[in-house]
Amino acid sequence: MDGPAAAQRPVTGTPWLRRLGPGPAQDRLVCLPYAGGTGSAYRDWARWLPDGLGLWVADLPAREHRMLEEPVTDLDELIEVLAGELSESPRPTSLFGHSFGALVAFELARRFPVRCLFVSGMAAPQTLVPRPAPADAEILADLRALGVAPELLADPDLLELVLPGIRADYAMAQGYRYRHGAPLTVPVYALGGTADAQVPASQLSGWAEQTTGPCEVRTWAGGHLYLRDHAAGLSRFVAERHLSSTGALS
């Protein structure tokens, strides 16, 4: 990524990262949502993470309590702000991102030192070909095929309210252009669903090119949104790998 190491926050001063779960935490797991998703999609993970590993999620503009803000349409800006907030409170950090969130996590790991990178439901970035932003009809068809919030798709007023953020995420995801750079040096875990028609397991192995450290490919039963059915097992898997990287697990 080009630009300064940390960007100024938006004029609202609203943090883009939010802690979920109570109690002190020396380490930090940051979860990035899929296109159009919200940080609250990971709220159940806090139940299964061990003491000492805090769960943080990205609260992006144009969704949930930031619904009336303008969406981010530039991936560089998104990474700048998140990297700046992480740098304000340095601590052992791992990143988890699903689908579009995996691209955000990858680019963020290029800017901020992490212990582990968990990329889910996304092919290796060097294999992606930029595409034009999809039309709204394409976005809605994709959401229906994935079974995302059918009650939202059936409510025209609610859909009109949330569509700007979803549209912006899809445009950034499909317009993503990989830029060559030094590989990461940390463990990368490429995760997916066994029946994911969008990202077959065979496309996950390419992530090994993005690190000089180990790369483990792991799949769970299910399609593109497999993680919704495996929150407990997936969060424990992530926690164990993070703690191993810090030496907390022998």
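These legends describe close-up views of one predicted model. Residues are numbered from 1 along each chain as its sequence is written, and side-chain values use heavy atoms, with hydrogens and water left out. Because the model is predicted, local features need pLDDT of at least 70 and side-chain atom pairs count only at pLDDT 80 or more, while totals for chains, interfaces and linings use all residues.

**View 1. The open sheet of seven strands.** The strands follow the order S1-S3-S2-S4-S5-S6-S7, with mixed pairing. Strand S1 (17-20) and strand S7 (215-220) are the edge strands, each pairing on one side only. Neighbouring strands are turned by 20 degrees against each other on average, direction ignored. Strands (E, at least two residues) and helices (H or I, at least four) are DSSP runs, numbered from the N terminus; two strands pair if DSSP finds at least two bridges between them. Axes are lines fitted to C-alpha atoms, for helices over the stretch in contact, and angles run from 0 to 180 degrees between N-to-C directions.

**View 2. Strands S5 and S6.** Strand S5 (residues 117-120) and strand S6 (residues 188-193) run parallel and are joined by four bridges. Phe-118 stands opposite Tyr-189 in S6.

**View 3. Helix H6 and His-242.** Helix H6 (residues 231-246) lies across S2, S3, S4, S5, S6 and S7, running at about 165 degrees to S7. His-242 of this helix counts as buried because its relative accessibility is 1%; buried means under 20% relative accessible area, exposed over 50% and partly exposed in between (1.4 Å probe, protein chains only). Among the residues that His-242 touches are Asp-27, Arg-28, Arg-115 and Phe-118, not counting residues up to four places away in sequence. Contact means heavy atoms within 4.5 Å.

**View 4. The enclosed helix H2.** In helix H2 (residues 100-109), 10 of the 10 residues are buried, so the helix is largely enclosed by the rest of the structure. These buried residues pack against S2, helix H1 (75-88), S4, S5 and helix H5 (156-174).

**View 5. The largest cavity.** About 40 Å³ of space lies in this cavity. Its lining includes Leu-32, Leu-78, Phe-100, Gly-101 and Val-104. H2 gives the largest share of the lining, three residues. A cavity is a set of points, on a 1 Å grid over the protein atoms alone, where a 1.4 Å probe fits but cannot get out; lining residues have an atom within 4 Å of a point. Grid points are joined across faces, edges and corners, and the volume is the space filled by probe spheres set on the points.

Notes. 1 Å grid on protein atoms, 1.4 Å probe; cavity = no way out; pocket = protein on both sides within 12 Å on 5 of 7 lines; lining within 4 Å.
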